[in-house]
Amino acid sequence: MKKLAVLAAGLTASPAFAATGPFFSLGNTDFIVLVSFLVFVGILLYFKVPSRIGALLDQRAHGIRRDLDEAKRLREDAQEIYASFERRQREVAGQAEQIVANAKREAEAQAAKAKADLKTSIERRLKAAEDQIASAESDAVRAVRDRAVQAAVAAASALLAQQVAAGQRSAGIDDAIEDVARRLN
């Protein structure tokens, strides 16, 4: 019960019950608070505080709007630069593909040329080898012929020496040598 009595006393002692008497008297605290508030608002209006606050808020809003416009412009610039870089990247990729294709074509052309040059070189060497073989063959035939002529001359000399007498021998040899020389030339 004691708690209930304390609660009831607290509710009856509110500031609204403190003001007694007529409302428009200086003894009434509610009236004093109202007058003070109206004077305060009057001072604020006299010094144009609301318009200054409004101007500051408008200025801040304008600054924010300017910042937003700047951000929008920067974003558009960034998008343009990004698109430019993408275009440039595509162009560079295309050029790289062309360079690779050109390099492949040139490599294939160089390989074909090297193959043709190798074939020509092999043909040239084969012809040179055939020419050397033909030259060696003709040299061998000439050497065999010369040996055959020497052997024939030696055999003829020996045969004539046996058949012909000493006086006729030198005349027959001279005739045989002239005959052989005429046939060789």
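Trainee: What does Asn28 count as, buried or exposed?

Mentor: This is a predicted model, in which local features need pLDDT of at least 70, side-chain atom pairs count only at pLDDT 80 or more, and totals for chains, interfaces and linings use all residues. Residues are numbered from 1 along each chain as its sequence is written, and side-chain values use heavy atoms, with hydrogens and water left out. Buried means under 20% relative accessible area, exposed over 50%, and partly exposed in between (1.4 Å probe, protein chains only). Asn28 has a relative accessibility of 3%, so Asn28 counts as buried.

Trainee: Which end of H2 does Asn28 cap?

Mentor: Helices (H or I, at least four residues) and strands (E, at least two) are DSSP runs, numbered from the N terminus. Asn28 sits in the loop between helix H1 (2-12) and H2. A polar contact is a pair of N or O atoms within 3.5 Å; within protein, one must be able to donate a hydrogen and the other to accept it, and residues adjacent in sequence count only if both atoms are side-chain atoms. Here a side-chain oxygen of Asn28 lies 3.1 Å from the backbone nitrogen of Asp30, and the end capped is the N-terminal end.

Trainee: What span is expected for H2?

Mentor: The expected span of a helix is 1.5 Å times one less than its number of residues. H2 has 18 residues and reaches 25 Å from its first C-alpha to its last, close to the expected 26 Å.

Trainee: What does UniProt list for residues 28-47?

Mentor: UniProt positions are given in the numbering used here, feature names are shortened, and annotations may be inferred rather than shown by experiment. In the model, the chain over residues 28-47 is 90% helix and 0% strand, with the end C-alpha atoms 29 Å apart. For residues 28-47, the unreviewed UniProt entry lists "transmembrane region".

Trainee: What is the area of the nonpolar patch that includes Phe24?

Mentor: Patches are made of residues with over 30% relative accessible area and no salt bridge; like charges are joined within 9 Å, nonpolar side chains (Val, Leu, Ile, Met, Phe, Trp, Tyr) within 5 Å. Accessible areas come from the Shrake-Rupley method with a 1.4 Å probe, and for residues only the protein chains shown count as cover. Phe24 lies in the loop between H1 and H2, and its relative accessibility of 67% makes it exposed. With Phe23, Leu34, Phe37, Leu38 and Phe40, Phe24 makes a patch of about 670 Å².

Trainee: Which residue forms a salt bridge with Arg73 at 2.4 Å?

Mentor: A salt bridge is a side-chain nitrogen of Lys or Arg within 4 Å of a carboxyl oxygen of Asp or Glu. In an α-helix there are 3.6 residues a turn, so residues three or four places apart point the same way. The partner at 2.4 Å is Glu70.

Trainee: How far apart are the closest N and O atoms of Asp179 and Arg182?

Mentor: Both residues lie in helix H4 (residues 166-184), 3 residues apart, about one turn of the helix. Asp179 is partly exposed at 27%, whereas Arg182 is exposed at 59%. They form a salt bridge, and the closest N and O atoms are apart by 3.9 Å.
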